[in-house]
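Here is a friendly walk through one protein model, meant to be read with the viewer open.

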Amino acid sequence: MPEISIPATILVIDDDAEIRYSLSRVLSTHGYRVTEAASGEQGMALVKKGPPPDLVFLDVRMGGMGGIEALQLIRSAQARQLVILMTAFGTAQTAIEAMKYGAFDYVMKPFDPPKVLSLVASALKTRADLHAVSDYKPSINTEDYKEGIVGSSPVMQEVFKVIGQVTASDVTVMITGESGTGKELVARSIWKHSHRTCKPFVAVNCAAIPDNLIESELFGHERGSFTGATGQRLGKFELCDGGTIFLDEIGDMALATQTKILRVLQTGEIQRVGGTETIRVDVRVIAATNKDLEAMVRAKTFREDLYYRLNVVRIKMPPLRERGDDIPQIVDFCLQNLVKQKKARVSKVSPEALAALVAHRWQGNVRELENVIYRSAVIAQGDAILVKDLPAEIRVATGTEASVASVSRGNSTLDSTLTTIAESAALANAKVVAESVASGAPALSVERALDFLHASLCIGDEPILPRIEREMIARVLAAENGDVAKAAKVLGLTKAVLHKRVKDL
Ligand SMILES: Nc1ncnc2c1ncn2[C@@H]1O[C@H](COP(=O)(O)OP(=O)(O)OP(=O)(O)O)[C@@H](O)[C@H]1O
Ligand SMILES: [Mg+2]
């Protein structure tokens, strides 16, 4: 029984009187106060009239308003209202739809009373956690929001000062820092605050363009200058005249191209590939890299003279682990953005979840934090992100790993297993899946399991495969208590390959 002093109220919506009766009996004999509704319409009226029930059981197939429609209506009116869908017809599609429209869970009829009771307890616990978040205060102010770069930590304040200092001139700026620390964001901010803001900002990712094409990309080419050059083409420097060019990943630029960049910086002149005309361009250059350029200069893979030309002012972006104070603000900022873009409706974070986010070591810095917030906000079942919505590795980091209630639910049907998988995929908790499979559930069809993974993971803009790979490796390692040899065996890799994958990912 949950620890509550007033009995929790549960509304059962089903057009089948027998089901209503049997479910109500189980629930009321365990101390819950149950109200019944014989149709979607009647149920909606009761929810609207209030006070809202603590939990709703809702049948999927009913005459009149169907369960999925009612679920959407309930959830759009009240994001905190938790709903468990019930059905006698378990299909992948219904389970996916149920979770997509924000059901807390999905159960099969006929009911298994212990399972229903444990589900109710877990839903009421989530409800209590959500209500405990009511005094959440966003830590970001609207000015930061407009600027798009968040951070009040001392290291970020220094970054902002330098941005301010370099905006008035055309000085070349070199931005260094780990991946995802905001190098491009800072470059854009310099441009936005400079007198060049009404002219273009052009970003060129030097690592993404093959060596044989980069010169044409930067400086353009004349017709017939190489096979495939069927017409004249203007390069980024010309297109960006009067504006700011951002040479991202400059450490990946070939030596020959480096020479040409040096020439533009020294003379303000370019020549198109295959051309003889000298063209004057007025472009401010901002460069970025996460490589150790000094070491590259020593190894003679980066031109020393170019290094000094670019490195007139250096902005070193601090990794997120040196900016712990900024995490709550960045979380707020991400949530506000998601709500604004209508990608999620969650605007709060529980204090425990925030503590876990602050304690985590973010290898991928702000980009990784952003992705975690996006994914957690999408799967959160109320209006706040709770610890259980965070990826397992972040929960583990603080010892807040709450064994998800579904482990104890005792799955006895394929569909409940699949629902658990959908949920677990979303919650990134492979352990739950493993336990539910081991608890005697029927064999899974790989196709159906993949359906669920697909539905759960095709949110966000991170490609699916690297994400599955990264998360699968993390999970297997955690399940094997960090034993690389055992984890490699489970994954079907050699130890060396696993080491390398872990490093790469
Ligand atoms: N201080 C910040 N406040 C808000 N969002 C930020 C901040 N820093 C970075 N971001 C966000 O994090 C993501 C990564 O930032 P950005 O692309 O500028 O990083 P980067 O250093 O260029 O990364 P990479 O080295 O991988 O190219 C972006 O979505 C950006 O909006
Ligand atoms: Mg970048």
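Two strands count as paired if DSSP finds at least two bridges between them. Helices (H or I, at least four residues) and strands (E, at least two) are DSSP runs, numbered from the N terminus. With that in hand, the bridge partner of Ala203 in S10 is Phe246.

Please keep in mind that this is a predicted model, in which local features need pLDDT of at least 70, side-chain atom pairs count only at pLDDT 80 or more, and totals for chains, interfaces and linings use all residues. Residues are numbered from 1 along each chain as its sequence is written, while chains are lettered from A and ligands numbered from 1 in the order in which they are written.

## The chain overall

The protein chain contains 23 helices and 16 strands. Of its 505 residues, 38% are buried, where buried means that 20 or more other C-beta atoms lie within 10 Å of the residue's own, exposed means 12 or fewer, and partly exposed is in between, with C-beta atoms placed from the backbone. Two residues are in contact if their C-beta atoms, placed from the backbone in the same way, lie within 7 Å. Among contacts in the protein chain with a separation of 6 or more, 71% join residues 24 or more positions apart.

S10 has a parallel pairing with strand S7 (residues 201–205) over five bridges. It also pairs in the parallel sense with strand S13 (residues 284–289), over four bridges, and there Ile245 has Val285 as its bridge partner.

## The five-stranded sheet

Strands S2-S1-S3-S4-S5, in that order, form an open sheet of five strands with parallel pairing. Strand S2 (33–37) and S5 stand at the edges with a single partner strand each, so one side of each is left without a neighbour in the sheet. From one strand to the next, the twist averages 20°. Helix H1 (residues 17–29) packs on this sheet and touches S1, S2 and strand S3 (55–59), and its direction makes about 165° with that of S2; the axes behind these angles are lines fitted to C-alpha atoms, for helices over the stretch in contact, and angles run from 0 to 180 degrees between N-to-C directions.

At one side of the sheet, strand S4 (residues 83–87) and S5 pair in the parallel sense over four bridges, with Ile84 opposite Asp105 in S5.

Ala8 sits in the segment before strand S1 (9–13), and its C-alpha is 8.1 Å from that of Leu55, which is 47 residues apart from it in sequence. Asp14 is in the loop between S1 and H1. Leaving out residues up to four places away in sequence, Asp14 touches Ile19, Arg20, Asp59 and Met86. Asp14 and Thr87 are 73 residues apart in sequence, yet 9.9 Å apart in space, C-alpha to C-alpha.

How do the surroundings of some individual residues compare?

| Residue | Class | Other C-beta atoms within 10 Å |
|---|---|---|
| Ala8 | buried | 21 C-beta atoms |
| Asp14 | buried | 26 C-beta atoms |
| Glu249 | partly exposed | 18 C-beta atoms |
| Lys342 | exposed | 7 C-beta atoms |

## Backbone details

Most residues other than glycine have a negative phi, and most peptide bonds are trans. Glu249, in the loop between S10 and helix H11 (255–267), has a positive phi, near 55°. Lys342 has a positive phi near 60° and lies in the loop between H14 and strand S15 (348–349). The peptide bond from Lys109 to Pro110 is cis, with omega near -5°; Pro110 belongs to the loop between strand S5 (105–108) and helix H5 (113–132).
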